[in-house]
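Subject: Handing over the structure we talked about

Dear colleague,

Please find below the structure that I promised to pass on to you. Take your time to look it over, and then read on for the notes I made while going through it.

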Amino acid sequence: DHPGVVVTAASGDCGYLNEACLGETGSAEFPAGSPDVVAVGGTMLTEADGTWSSTVWEEGGSGCSLVFTAPLWQSAVANFSATRCGGGRSIADVAAIGDPNTGVDVYDSTPEGNGNPTGWGVWGGTSVASPIVAAEFALAGGSHGVAYPAATLYSYVGDSKALYDVVS
């Protein structure tokens, strides 16, 4: 809990309530479930005839916190009941590219003991999406004094000029 500081947390890579990973608990991941952070999910990008579109990455973590209640800035959003989280915090707050098939180029210069090559590769997951969102907040000047920066995202719900609403 660091009011005024942007802290992003990856929502996990096991789908809704960890359904895609055997042996995982049936709840949203911590620390993404905490209302003190910006919970970051994942999307996938597709291109058709030069037009790019973004959809939900099915393995991006999401769901409802069993521990934390939804803060007012989240639960007051129109149609919050559609999350089916009751009074629990809904995860994720925002998403960025997470699908490893359409991920980001990364140069790895550290040799691994198992013989994996160094060099360029495409990496993904919400562990990639989270620093992308942190960088976007940094480029925008940080939290601008807002105690819980995730709250600023909810003030733009429905504003297609500010955020792209991924609905599929």
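Which residues does S143 touch, not counting residues up to four places away in sequence? Before I come to that, please keep in mind that this is a predicted model. S143 touches G4, V5, V6 and P149 once those sequence neighbours are set aside, and the side chain of S143 reaches the backbone oxygen of G4 at 2.5 Å. If you want to find the place on the chain, look in the loop between α2 (126–139) and α3 (150–154), where S143 lies. S143 is buried, because its relative accessible area is 10% and a residue counts as buried under 20%.

Along its principal axes, the C-alpha trace spans about 50 × 40 × 35 Å. Of the 168 residues, 35% count as buried, while the protein exposes about 9,700 Å², of which carbon and sulfur atoms supply 56%. If you consider contacts between residues at least 6 apart in sequence, 65% of them join residues at least 24 apart.

Next come the covalent links between side chains. A search of the whole structure finds two disulfides, and with bonded cysteines counted along the chain they follow the pattern 1-2, 3-4. C14 is buried, with a relative accessible area of 10%, whereas C21 counts as partly exposed at 22% relative accessibility.

The other disulfide joins C64 to C85, with an S to S distance of 2.0 Å. C64 lies in strand β4 (residues 63–69) and C85 in the loop between α1 and β5, so the pair ties together parts that are 21 residues apart in sequence. The torsion about the S-S bond of C64 and C85 is about -80 degrees, so this disulfide is left-handed. C64 is buried at a relative accessible area of 10%, and C85 is buried at 11%. Leaving aside its neighbours within four places in sequence, C85 is in contact with G63, C64, F80 and S90.

How many salt bridges does a search of the whole structure find? The search finds one salt bridge, in which the side chains of D93 and R89 meet at 2.6 Å, N to O. Both D93 and R89 are buried.

Finally, I would like to draw your attention to some details of the backbone. Most residues other than glycine have a negative phi, and most peptide bonds are trans. With that in mind, look at D49, whose phi is near 55 degrees, a positive value in a residue other than glycine. D49 is found in the loop between β2 (38–48) and β3 (51–56), and it is exposed, with a relative accessible area of 81%. N79 also has a positive phi, near 70 degrees, and is likewise a residue other than glycine. N79 is found in the loop between α1 (72–75) and β5, and its relative accessible area of 65% makes it exposed. As for the peptide bonds, a cis bond joins I91 and A92, with omega about 20 degrees. You will find A92 in the loop between β5 (88–91) and β6 (94–97).

Technical notes: Residues numbered from 1 in each chain as written. Predicted model: local features only at pLDDT ≥ 70, side-chain atom pairs only at ≥ 80, totals over all residues. Heavy atoms only, no water. Helix = DSSP H or I, 4+ residues; strand = E, 2+ residues; numbered from the N terminus. Buried < 20%, exposed > 50% of the residue type's maximum accessible area, 1.4 Å probe, protein only. Salt bridge = Lys/Arg side-chain N within 4 Å of Asp/Glu carboxyl O. Contact = heavy atoms within 4.5 Å. Areas by Shrake-Rupley, 256 points an atom, 1.4 Å probe, with all protein chains shown as cover. Polar contact = N/O pair within 3.5 Å; in protein donor to acceptor, adjacent residues only side chain to side chain. Disulfide = S-S within 2.5 Å.
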